[in-house]
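Me: I am new to this one and would like a short walk through it. Could we go through the terms as they come up?

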Amino acid sequence: MGRDSFEITVNIVKMFAIFLLMVQAVPILVWLERRGSAFIQNRTGPNRVGPLGLIQLLADAVKFLFKQPFMPERGVAPLYYFAPIAALIPGALALNAIPLSTPIKIEPFEMLGQMWGPYTFLFQGYDIGIGIVFILGISSLGVYSILLAGWGSSNKYSLMGAVRGAAQGISYELALSLALVGILMVYGTLSFKEIVDAQAGPLTFMAFGKEYVIGALPNWGIFYQPLGALIFFAATFAEANRLPFDLPEAEGELVAGFHTEYAGFSLLLFYIGEYGHMMVASALLATFYFGGYSIPFVSPEAVNAFWLAKVDGANTAAILTAVTHHLSLLVRVALFLWIFIHVRWTLPRFRYDQLMSLGWKTMLPWALANVVVTAIWLWLGHRT
Amino acid sequence: MNSVLPASASLIPVLILTLILLAFGTVIIVGTSLLGPKNKKNNRAQMMPYECGIPGIDTTDSKISIKFYLTAILFILFDIEIIFMYPWAIKFMDSIKDGTGGYMLGAMGLFVVLFVVGLVWEVKSKALDWN
């Protein structure tokens with residue numbers, strides 16, 4: 001096995017590991033959702049299987065495996081069976097494109113009587129230079145699995161839910177991509193890594209040709225784009241079909257929406273897709289507006305020096321540095337995921353006309369105003 | 001790596017991961033259909049599309065509001081307009097430093113005016129009303 005094939009193997013395993021990270025987070029999130037909703041509604045929630053009901057979802061997964069799979073009559077088999085598989089793809093592809101930590105630089109080491117390295121492993125599946133456009137493109141593919149499921153099930157509730165889901169997904173896509181224009185103007189790049197690097201240090205901004213530094217605040221995107229962050233976060237709720245925008249599966253009207261006819265593990269695949277979408281949205285929000293994997297006021301070099309002093313071996317220290325930064329990102333992602341869950345159990349659902357007019361008549365103009373104001377502010381600030 | 005790779009080579013990992021995901025999903029779907037119980041008799045009540053326990057009325061042939069179609073068309077127009085802003089947004093900061101920021105601002109201002117005119121016309125013509 002040559003050194004290139006070692007690198008390729010590690011990278012493929014890494015992509016699959018990030019996908020599994022997304023899959024294994026789903027039981028935890030479902031547990032958190034159930035316990036959290038019980039906490040908010042003053043109930044107990046699942047508490048029988050395992051401590052605090054933690055193993056409940058494992059039991060559910062085993063039960064899902066042994067459910068009878070069937071398709072309703074007049075369903076379209078290729079579409080019906082492909083839809084849950086298609087639900088996996090956008091979330092996993094997008095999560096792999098986001099940098100989850102600093103790159104790991106591995107110096108040459110000896111293994112199996114052979115020298116290996118040096119390598120640089122990215123803490124992400126793949127680095128595409130135009131990461132932001134790639135993610136926007138990939139996440140719109142989520143509409144396909146909804147539409148395939150709705151059409152393939154031959155159920156009128158599924159079809160209505162799917163059509164609603166597609167319409168709301170594309171409507172909020174506009175506000176979402178327009179909110180990102182502000183971020184692109186401020187940072188001038190489409191690469192996630194450069195955006196994260198630009199958010200290091202204390203808050204520094206230019207106003208009317210003078211530079212101001214606020215030492216107490218980190219240099220996060222939210223301070224440049226507060227309205228953009230709000231619009232982006234609100235639009236991701238609609239993109240992920242979460243309350244208060246969960247019209248595609250409004251159970252009072254449409255039974256369960258596009259996945260009415262699904263049971264067992266294929267239903268679980270839809271859930272993996274939905275929670276994957278939430279994870280991607282949280283990671284993006286952290287990367288664009290909250291410094292990504294960076295630790296406020298501490299540079300990656302300082303973290304590396306800290307670990308070098310603690311452990312011996314530069315490679316171990318490099319891995320520990322990456323893990324530290326990864327935890328820094330995970331804290332933010334966990335916080336945003338909790339906000340997703342808390343909002344679901346706090347706010348009531350919109351009516352469909354309210355939903356569409358919010359997207360088109362409120363969020364789109366505000367996102368456009370954000371772009372215009374940002375452009376004028378930047379021009380006034382940096383004009384020479 | 002010494003060999004020159006085309007720009008699309010950075011998308012090879014995406015292709016590999018897509019294939020892995022398709023294989024994973026297929027294994028799950030096929031695997032659960034092997035593990036689960038089989039349908040012995042053709043059970044009419046089970047195979048019927050779900051309808052709250054009563055005989056099914058109305059099928060998927062029923063009509064869907066034209067509004068959805070209209071929304072999709074409007075989405076394509078506006079999405080293309082927004083995508084035009086992306087290259088502009090990336091170059092904006094550089095052009096301010098070059099001294100051509102005013103021109104860039106004016107050019108995009110014109111574009112945004114067209115965008116707003118389109119949006120206002122859409123709202124006025126009630127294309128976005130869902131009553």
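Reply: To begin with a term, two residues are in contact if their C-beta atoms, placed from the backbone, lie within 7 Å. Helices (H or I, at least four residues) and strands (E, at least two) are DSSP runs, numbered from the N terminus. This is a predicted model, in which local features need pLDDT of at least 70 and side-chain atom pairs count only at pLDDT 80 or more, while totals for chains, interfaces and linings use all residues. Residues are numbered from 1 along each chain as its sequence is written, and chains are lettered from A and ligands numbered from 1 in the order in which they are written.

Me: How many helices and strands does chain A have?
Reply: Chain A has 13 helices and six strands.

Me: What about helix 8 of chain A, is it mostly covered or exposed?
Reply: Helix 8 of chain A is mostly covered, with eleven of its 14 residues buried. A residue is buried if 20 or more other C-beta atoms lie within 10 Å of its own, C-beta atoms being placed from the backbone. Among the buried residues of helix 8 are Phe232(A), Phe233(A) and Phe237(A).

Me: Which helices do those buried residues pack against?
Reply: They pack against helix 4 (131-140), helix 6, helix 10 (264-289), helix 12 (314-344) and helix 13 (352-382) of chain A.

Me: And what follows helix 8?
Reply: Helix 8 of chain A is followed by Asn241(A), which has a positive phi, near 55°.

Me: Changing topic, what is the largest nonpolar core like?
Reply: The largest nonpolar core has 128 residues, and those with the most contacts inside it include Ala235(A) and Leu285(A). Such a core is a set of buried Ala, Val, Leu, Ile, Met, Phe, Trp, Tyr and Cys residues joined through C-beta atoms within 7 Å. Helix 6 (residues 156-187) of chain A gives the most to this core, with 21 residues.

Me: What does Leu285(A) touch?
Reply: Leaving aside residues up to four places away in sequence, Leu285(A) touches Phe232(A), Phe233(A), Phe290(A) and Phe336(A).

Me: Where does chain B come in?
Reply: In chain B, 56 residues are in contact with 67 residues of chain A. Helix 3 of chain B gives the most to the side of chain B that touches chain A, with 16 residues.

Me: How much of chain A is buried overall?
Reply: Of the 384 residues of chain A, 48% count as buried.

Conventions
Buried ≥ 20, exposed ≤ 12 C-beta atoms within 10 Å, placed from the backbone.
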